[in-house]
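Student: I am new to this structure. Could you take me through the terms used for it, one by one?

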Amino acid sequence: APVVPTAPTFAGTTITIPTVAQVTYKNRADDSTVTGTVAVAEDETVTIYAVASVGYYFANNVDDEWSFTNRG
């Protein structure tokens, strides 16, 4: 079944991970699952990507990876 990931939001130093049924969000740096908020250190970039649960998929034209940079 198709599912659509929602893009995380970014407030300069903190990424807020949305809650979407059948979607898991992960940190590209270490492939760890992330929920809630993720801190971004000054001058660092954090890339978050979404993974559909088993039996679900994203359409080819759907964004499923986002990068956020804390510019200080």
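Tutor: Start with Asn70: its side chain reaches the backbone nitrogen of Gly72 at 2.7 Å. A word on the source: this is a predicted model, where local features need pLDDT of at least 70, side-chain atom pairs count only at pLDDT 80 or more, and totals for chains, interfaces and linings use all residues. Residues are numbered from 1 along each chain as its sequence is written, and side-chain values use heavy atoms, with hydrogens and water left out.

Student: Why is Asn70 called buried?

Tutor: Buried means under 20% relative accessible area, exposed over 50%, and partly exposed in between (1.4 Å probe, protein chains only). Asn70 has 7%, so it is buried.

Student: Which residues is Asn70 in contact with, leaving aside neighbours within four places in sequence?

Tutor: Contact means heavy atoms within 4.5 Å. For Asn70 the list is Phe10, Gly12, Thr13, Val40, Ala41, Glu42, Asp43 and Glu44.

Student: What is Asp43 called, buried or exposed?

Tutor: Exposed, because its relative accessible area is 58%. Asp43 lies in the loop between strand E5 (37–39) and E6. Its phi is positive, about 65°, although Asp43 is not a glycine.

Student: How do you know which strands pair?

Tutor: Two strands pair if DSSP finds at least two bridges between them. Five bridges join E6 (residues 45–52) to E7, and the two run antiparallel. One of the bridges sets Val46 against Phe68 in E7. E3 and E6 also pair in the antiparallel sense over five bridges, and Lys26 has Tyr49 in E6 as its bridge partner. E3 and E4 are joined by two bridges, so they meet the cut-off too.

Student: Why are E4 and E7 said to stand at the edges?

Tutor: The open sheet has four strands in the order E4-E3-E6-E7, with antiparallel pairing. E4 (32–33) and E7 each have a single partner strand, so one side of each is left without a neighbour in the sheet.

Student: What makes strand E3 largely enclosed?

Tutor: Four of the five residues of E3 (residues 23–27) are buried, so the rest of the structure largely encloses this strand.

Student: How do you know that the radius of gyration agrees with a compact globule?

Tutor: The radius is taken over C-alpha atoms, and the globule rule is 2.2 Å times the number of residues to the power 0.38. With 72 residues, the rule gives a value near 11 Å; the protein has 12 Å, so the two agree.

Technical notes: Polar contact = N/O pair within 3.5 Å; in protein donor to acceptor, adjacent residues only side chain to side chain.
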